[in-house]
Every structure is written in C-alpha cells, then in structure tokens.
Amino acid sequence: MVGSLLTPQAPDAELQTILSEIDPQRIEAIITKLVSFGTRHTLSSQTDPNRGVGAARDWIEQQMRSIAAASDGQMEVTVPSYIQEVDGDRIPFPVRISDVVSTLRGSVDPGRYYVISGHYDTRCSDPNDYTCDAPGADDDASGVAIAMELARIMATRRPAATIVFVAVAGEEQGLYGSQFLAQTYKNASMNVQGMFTNDIVGSSTADDGTKDPYTIRIFAQGSPTTESAARARTRATIGGENDSPARELARFVVGVAENDYTQMNIPVVYRLDRFLRGGDHRPFLEAGYTACRFTEPNENYAHQHQDVRIENGTQYGDLIEFVDFDFIARVGKVNAAALWSLANAPASPRNVTVNTTFLSNDSQFKWLTSNETLLAGYEALWRPTNAPFWTHVIPLGNVNTATIDLSKDNVIFGIRAVGTNGYASPATYPFPG
C-alpha cells in the first residue's frame, strides 16, 4: 500500500467552541421575526416598516450591523442593490433587488473569500402574487438564520481568509440577488474559493411522515459548464467527471463536518440540484466559482411555494410550526465546520498537472509554488477509481513536484495543501501537462 489510510480532520479546540455556541433558540428567534413580516416577496412593499421584503431587508441589515459592532472593525456590512427591469416572466415591473452582505475580513489571507448564503425572499402558489401571506419559514428563513447565526459567532474571531455571510433577495423570481452578487465578485476579479447556499434546511420530515433529523444533503455539480470545450474533452478522456471543483468541495465538507461534533450524515448528491428546482449556488458556478447547495433530506412540497390554507384536511403553507430548530442548528454546525476549516487552511494548489508525456508505472506531478504564510507543505490523496471519497494520503513536504510509485492509470489522485495549524485544503484534481 502506498501512503496511509486517510482519517477525517477532527475539529480543533477553537472550532469545537464555535460549534458549541450555535444556539437553536437564537435560530428560532430569527425565523420567528422573519415570518412576522407576513410576506417577503421580492415584489412586495419596500417601504412599509412592518410588512414586506423591505422591512425584512432592513431588519436583517440592522441585526448584521449589531453583530459587526462586536468585531473590532473586522466585519463590514453593506447592502448592494440594483433595479431589475421587467423580464417578461416573474418581474412584471421594475423592482430593487437588495442583498445584505456581511464580510468578515481574513487576518492572514484577506483576498481569499468563502461565502455562505440564504435567501430572504418568499413566494406563494402563484410566483407573482406579492400580496398573499408567504411566511417562508423553511424556504428560506432557515438558511438566512444559519448565515446570521454563524456571523454572530464568528464576528469576534479571526479566520485566516475572508468569510462572507449573505442574505440575498430575488431567488424565487429568478436567482437575481445571487446572480448580482456573483457577477459583482467576478467583475472585481475576487478570489472566491468556495460558496455554500443553504436553501430549505429547516425540516427533516417528509410528506409521508418519514423523519431523518441527522442528515443534510449537499448537491455538487459534475463537469463545470464554464470549462472550455478542449478542457471538457480532456476531463472526459481522463475520467475526471466526478472530480470537478464542486465535488472536491463536497468531499472536503464530508471530511471535516461529518462527525460526532455535528452529529450529521452528509450524503453527496452528484448533480447540480433537484429536478425542476434551482438555487443560489448556480450563479456562482456560472461565474466560474466553486459552489454547492445544502438542502434537507426529505422535502414536503405542501410546505413549499404554497398559499397558506387547509385543503382536504391537509395544512398547506411554509409555516413555522413545521420547522425543527435543533435540526437547523446541526445544519449550521456542518456549515460552520466547513467554512472555518476552509478559511483557516491554505488555498488549494493551483495548476496541478500529471506528466503524461511518456509511459510509466509511476505518477509524476507538479504545481505552482505558493508563498502563503499558512503553508506547511503538501499531500497527495488517492482513491480507487470507483470509490466516492479519498481513501489514502501521502505526505510530500513543502515542494512543488512529486513522483509517486503508483500508476496514474489505476487510481485517482488529488493534491492538497496543509497548513502549519494542521488544516488541509480541498484537493485539486491533476490534468495532463
């Protein structure tokens, strides 16, 4: 056997403390307040102080500014917005789309970003009915509550890289808020290394009563749609379809967050999203960033995108009575473990290549040298070609080339960076070079 068996990365003392501070009662208070606005439909009032998307936006901003006040100037809160013109579908008149963005600046590598989001807008059965009550307790006050709770807990701490906590609008009308944010980051050439959206993470009970309160799905896209045609052909030729950046990120999440501290199982779903559905990770993927989606394991469609009503004895509507706050807190722990581990590890190696210029039974790799302060060295990961997760690890040292006595034809390799603090990055899949 080449290398040793890979063991999951256990949380250190600081991360254990972070996880212990996630409070189901605070999550309940956030969701209760968001539901109290009656509707948060993107087309609803932006000036009414008590009802509508504007009141919700202003309250989230107020809360985030209060959280940032404890950060000693390291967290900045902004509300970027734009006017979305009529789209012929779900935007029948021009409307302002506003995101609430709380940026916790990294202490060592502030130019590297990780983003967590939930969407604060809601809808009823008719996606353009902005007068009906649309409580949106699960979809998606649950995701917003996680972003806000993690912002509260991390604001007083100092991650090495930058973490951004976001509540976006316009999701139900066409992913407009996340598209605006992703394009803003892309236009500014911001180095977003990973993004998670939490959308419908509030209940583990299915429509048939099935409960699975210790599981959260993570959706991970396969081959990136932004790859060039030539790179896509190469990926298909070498069998790299299951080693897209999104799937490496999902594997990383399982490795750092599926443990006794979160109490959660994290099945990786090998697709962009559920059938007939979309989420705020997609605009980030389309902008060329790495992104995944968290969603509860069993959905009850009577509690999503429905007018609040009782019909044939069945309660419809996204009501707070169907939300499990302890479950959301555990999902929050998964996100916290992933974000903190990403932000305190070195960046993933860049331009990793495997030498395919001649036939051999070993494997030769090279990658770009990094001068990161956090960096201690590199490791090679490998797994059988039919295995979903990395199984073995080989220490390489602080180098930028390596020859491994294991055939590249028989296994799948990845190269990851390891920090002086023990945190390791997601692996990078090597392409021929």
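## Helix α2 against helix α4

Helix α2 crosses helix α4 in the right-handed sense, a crossing being right-handed if the near helix is turned clockwise from the far one by less than a right angle, and left-handed if anticlockwise. Helices here are DSSP runs of H or I with at least four residues, strands are runs of E with at least two, and both are numbered from the N terminus. This is a predicted model, in which local features need pLDDT of at least 70 and side-chain atom pairs count only at pLDDT 80 or more, while totals for chains, interfaces and linings use all residues. Residues are numbered from 1 along each chain as its sequence is written, and side-chain values use heavy atoms, with hydrogens and water left out.

The axes of α2 (residues 24–35) and α4 (residues 137–154) come within 9 Å and cross at roughly 130 degrees; axes are lines fitted to C-alpha atoms over the stretch in contact, with angles from 0 to 180 degrees between N-to-C directions. The pair is therefore oblique, the class left after roughly parallel (under 35 degrees), roughly antiparallel (over 145) and roughly perpendicular (65 to 115). Contact, meaning heavy atoms within 4.5 Å, involves residues including Ile27, Ile31 and Leu34 of α2 and Ala141, Ala145 and Met148 of α4.

## Helix α4 against helix α10

Helix α4 also packs with α10, their axes coming within 10 Å and crossing at roughly 55 degrees, so α4 is oblique to α10. This crossing is right-handed too. From α4, Ser142, Ile146, Leu150 and Met154 meet a set of α10 residues, among them Ile328, Asn335 and Leu339.

## Two nonpolar cores

What is a nonpolar core here? The term covers buried Ala, Val, Leu, Ile, Met, Phe, Trp, Tyr and Cys residues joined through side-chain atoms within 4.5 Å, with buried meaning under 20% relative accessible area (1.4 Å probe, protein chains only). The largest one has 97 residues, and Ile31, Ile60, Phe165 and Phe196 touch the most other members. Helix α10 (residues 325–344) gives the largest share, 13 residues.

Among the residues that Phe196 touches are Val115, Phe294, Asn335 and Leu339. A second, separate core of 17 residues includes Ile394, Ile404, Phe413 and Ile415.

## A four-stranded sheet

Four strands form an open antiparallel sheet in the order β1-β17-β16-β19, where pairing requires at least two DSSP bridges between strands. Because β1 (4–5) and β19 (411–419) each have a single partner strand, one side of each is left without a neighbour in the sheet.

Strands β16 (residues 375–384) and β17 (residues 392–397) pair over five bridges. Leu381 has Val393 of β17 as its bridge partner.

Note on methods
Buried < 20%, exposed > 50% of the residue type's maximum accessible area, 1.4 Å probe, protein only. Lists of a residue's contacts leave out its neighbours within four places in sequence.
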